[in-house]
Amino acid sequence: MNRKQKRILLRIACSAFLLILALVFNKIGLHEIISSSLCLGAFIAVGYDVIMKAVWGLRHRNFIDENLLMSIASVGAVFLKEFFEAVAIMLFYQIGELFQSYAVNKSRKSIEAISNIRPDTARVVRNGETLIVSPEEVETGEIIKIFAGERIALDGEIIQGETSVNNSFLTGESLPKDVGVGDRVFAGGINMEGTITVKVTAPFSQSSVAKILELTETSFENKSKSERFITKFARYYTPAVVITALLIAIIPQFFINDNRGEWIRRALTFLVISCPCALVISVPLSFFGGIGAASAKGILVKGSGVLETLSKCDTVVFDKTGTLTKGKFTVKEIYTEKINERVLLAVCAAAESQSNHPIAKCIVEASKEDYKRFRVNDVREISGKGIIAMIEKWQVAVGNIKLMEELDIAVKPTDKTAVYVAIDQKFAGFITVGDTVKEEAKEAIAKLIELETEKTVMLTGDREENAGEIAELLSIDEYFSNLLPENKVEILENIIKDSEGKVVFVGDGINDAPVLARSDVGISMGSIGSDAANTTADVVIADDDLRKIPIAIKIAKRTTEIATQNIILALSVKILFLMMGIFGATGMAGAVFADVGIAVITILNAMRSMKAK
Amino acid sequence: MKKTFKINDLDCAHCAAKMEEKIKALEGVANANVNFIAQKLTIEAADEIFDEVVKKAALICKEVEPDCTVVF
């Protein structure tokens with residue numbers, strides 16, 4: 001609780017004390033003046049600022065706000081000689097307001113925790129000197145040092161030192177990760193144990209943390225349908241209630257001659273119940289809690305509207321490469337004829353050692369140090385086909401089937417993506433390469449099915465065989481292969497037309513941006529994803545973990561449920577008490593109590609959305 | 001130009017909505033957003049009149065909720 005809140009709590013306590021004293025003195029029969037003065041004291045203690053704000057509001061020709069309503073109600077009560085009620089009204093109102101402000105602050109703290117991850121300084125080593133500068137001033141390639149306990153200022157690669165890093169802001173994982181020379185570290189993470197020297201790989205504005213901060217700051221412009229409904233509702237509701245209250249106060253006066261005070265009291269009660277505060281606060285709070293819960297898991301949701309749409313989705317469409325798979329080639333199978341596998345790999349790698357082709361690189365990596373033992377000469381790269389080189393005394397040709405056909409070498413063919421190797425004009429074997437499916441993919445898809453996702457679909461530009469294999473492995477319902485980027489959008493539109501619920505698309509590449517935009521909810525893989533994808537997407541998964549997708553959907557459904565519960569609860573109780581007020585079934589204090597009670601219940605309910613599972 | 005300011009002591013969600021409406025209605029404002037929960041005010045307006053618009057916006061905030069202050 002902050003200072004202001006503590007002061008209000010004190011005032012409430014004093015006022016309650018005085019009120020109780022007044023009640024007691026009244027009961028034991030002391031002169032009315034005493035209890036009345038005590039009431040006055042209690043009233044002023046708890047209500048002075050409400051009345052002042054009401055006057056201020058009137059002076060500035062403002063809308064009729066809660067302060068005015070409460071003031072009218074309580075002053076009205078005073079005129080009706082209901083002193084206890086007058087104090088009770090103000091008391092309950094302030095208690096309700098205090099509670100609201102406390103709850104809102106608590107929710108704010110959880111989102112502010114995200115803003116606190118911003119590193120303020122970086123320790124850069126320039127020309128032998130160590131300087132402390134702001135992270136924005138450090139350029140790619142510079143060297144920075146981070147001591148134990150400090151926040152890492154920029155994305156980079158460790159060139160000296162070992163430590164463990166806490167990246168919970170990014171991944172939601174509170175288990176620190178051990179890192180050493182060659183490992184990547186992220187800006188915003190906390191260096192737990194030892195000093196590390198890091199070579200900066202990206203300027204601050206492009207680091208993951210900068211992107212996350214930007215995303216969280218702009219996310220609130222996107223409002224959910226529930227929130228927009230509340231805003232429209234409140235706009236019509238308040239004047240309608242005030243007018244009705246006036247009618248209640250005035251009209252019966254013409255027909256009923258006695259007990260005029262009663263109708264005025266009922267009008268005041270009506271006014272008091274009219275406060276839509278519970279509704280107006282609890283709905284945004286619920287969504288806010290949901291977004292906070294998602295952020296804590298490393299899922300950045302760009303707005304309440306997104307959360308709402310996500311809760312209604314029944315189809316999830318995946319891009320294959322880079323999303324379901326790691327996006328990196330690895331050696332799968334080595335087939336050899338009369339030669340040792342390791343030797344074949346080494347020979348092939350030696351021939352490809354200078355090529356930049358991703359397949360070449362992965363073969364070289366697989367061979368580790370072996371290939372370096374061979375002397376390589378006369379390397380000729382034939383684009384689109386392969387490489388011919390002299391390895392030691394052998395003439396080695398490595399490449400695709402077209403190269404083998406051209407050199408007139410008979411091979412044992414395979415329909416997988418492979419590099420064929422011929423040594424001295426004779427087929428020696430082939431090495432198949434492929435992309436690896438992410439380990440968590442199967443689990444993620446299984447969880448999606450648990451959440452009642454109707455259909456999962458995979459889109460890819462890759463070949464039919466590869467696509468089919470992966471679709472079967474992961475139990476994906478439908479897949480489309482050999483797609484050009486334009487095709488993907490078309491297919492997505494068909495899927496959207498055919499599905500009842502909303503459609504989610506998960507992707508990572510630059511060419512996924514149009515599809516991300518067209519889908520109802522676009523989810524991008526945050527760290528390997530391209531900037532274009534991350535900017536276009538509605539949800540960014542900071543650590544690329546596919547299992548976060550079902551988690552995001554679960555949070556979305558829960559949050560929307562809570563928001564709807566609150567709307568129904570608040571509206572029905574309000575209407576009930578409004579009716580009761582008209583028929584005199586409740587007094588003003590009772591009305592305020594109900595108002596506060598509902599506010600408290602809906603706010604507590606909204607806070608449930610902050611807990612993610 | 002589009003800039004975001006922090007608002008202190010913004011305690012009433014209804015007020016935030018009212019502020020947003022009034023600031024949006026100011027002449028020269030392309031867009032405005034008051035985020036009650038993050039306590040942030042974002043204003044988008046033409047460069048030349050930006051400072052003026054911001055001052056008027058701060059006044060509006062004070063009128064609607066006297067307790068709150070915009071941090072520059």
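Is Lys488(A) buried or exposed? Good morning, colleagues. I will come to that residue after a word on the model, which is a predicted one.

Let me begin with the overall form of chain A. Chain A contains 21 helices and 22 strands. Its radius of gyration is 34 Å, well over the 25 Å that the globule rule gives for 613 residues, so chain A is more spread out than a compact globule. Along the principal axes, the C-alpha atoms of chain A fill a box of roughly 120 × 60 × 40 Å. Of the 613 residues in chain A, 51% are buried.

I now return to the opening question. Lys488(A) is buried, with a relative accessible area of 5%. Its partner in a salt bridge is Asp319(A), and the closest N and O atoms are 3.1 Å apart. The pair links distant parts of the chain: Asp319(A) belongs to strand S11 and Lys488(A) to helix H17, 169 residues apart. Asp319(A) is buried too, at a relative accessible area of 6%.

Over all chains, the structure holds 14 salt bridges. One of them joins Glu142(A) to Arg126(A), with the closest N and O atoms 2.7 Å apart. Glu142(A) lies in the loop between strands S2 and S3 of chain A, while Arg126(A) is in strand S1. Here Glu142(A) counts as buried at 15% relative accessibility, whereas Arg126(A), at 24%, counts as partly exposed. A further salt bridge connects Glu478(A) and Lys455(A), at 3.1 Å from N to O.

Next, one helix of chain A. Helix H13, residues 358-367, has several buried residues, among them Ile359(A), Cys362(A) and Val364(A). The elements covering the buried residues of H13(A) include strand S12, helix H12, strand S16 and strand S17 of chain A. After H13(A) comes Lys368(A), with a positive phi near 55°.

Finally, the interface. How many residues of chain B are in contact with chain A? There are 24, and they meet 22 residues of chain A. Together the two chains bury about 2,200 Å², 54% of it on carbon and sulfur atoms. On the side of chain B that touches chain A, helix H1, strand S2, strand S3 and helix H2 of chain B each supply at least two residues. The largest share, seven residues, comes from H1(B). By class, that side of chain B has eight nonpolar, five polar and eleven charged residues.

Conventions:
Residues are numbered from 1 along each chain as its sequence is written. Chains are lettered from A and ligands numbered from 1 in the order in which they are written. This is a predicted model: local features need pLDDT of at least 70, side-chain atom pairs count only at pLDDT 80 or more; totals for chains, interfaces and linings use all residues. Side-chain values use heavy atoms; hydrogens and water are left out. Contact means heavy atoms within 4.5 Å. Buried area is the accessible area (1.4 Å probe) that two parts lose on being put together, summed over both. Helices (H or I, at least four residues) and strands (E, at least two) are DSSP runs, numbered from the N terminus. Ala, Val, Leu, Ile, Met, Phe, Trp, Tyr, Cys and Pro count as nonpolar, Asp, Glu, Lys and Arg as charged, and the others, Gly among them, as polar. The radius of gyration is taken over C-alpha atoms; the globule rule is 2.2 Å times the number of residues to the power 0.38. Buried means under 20% relative accessible area, exposed over 50%, partly exposed in between (1.4 Å probe, protein chains only). A salt bridge is a side-chain nitrogen of Lys or Arg within 4 Å of a carboxyl oxygen of Asp or Glu.
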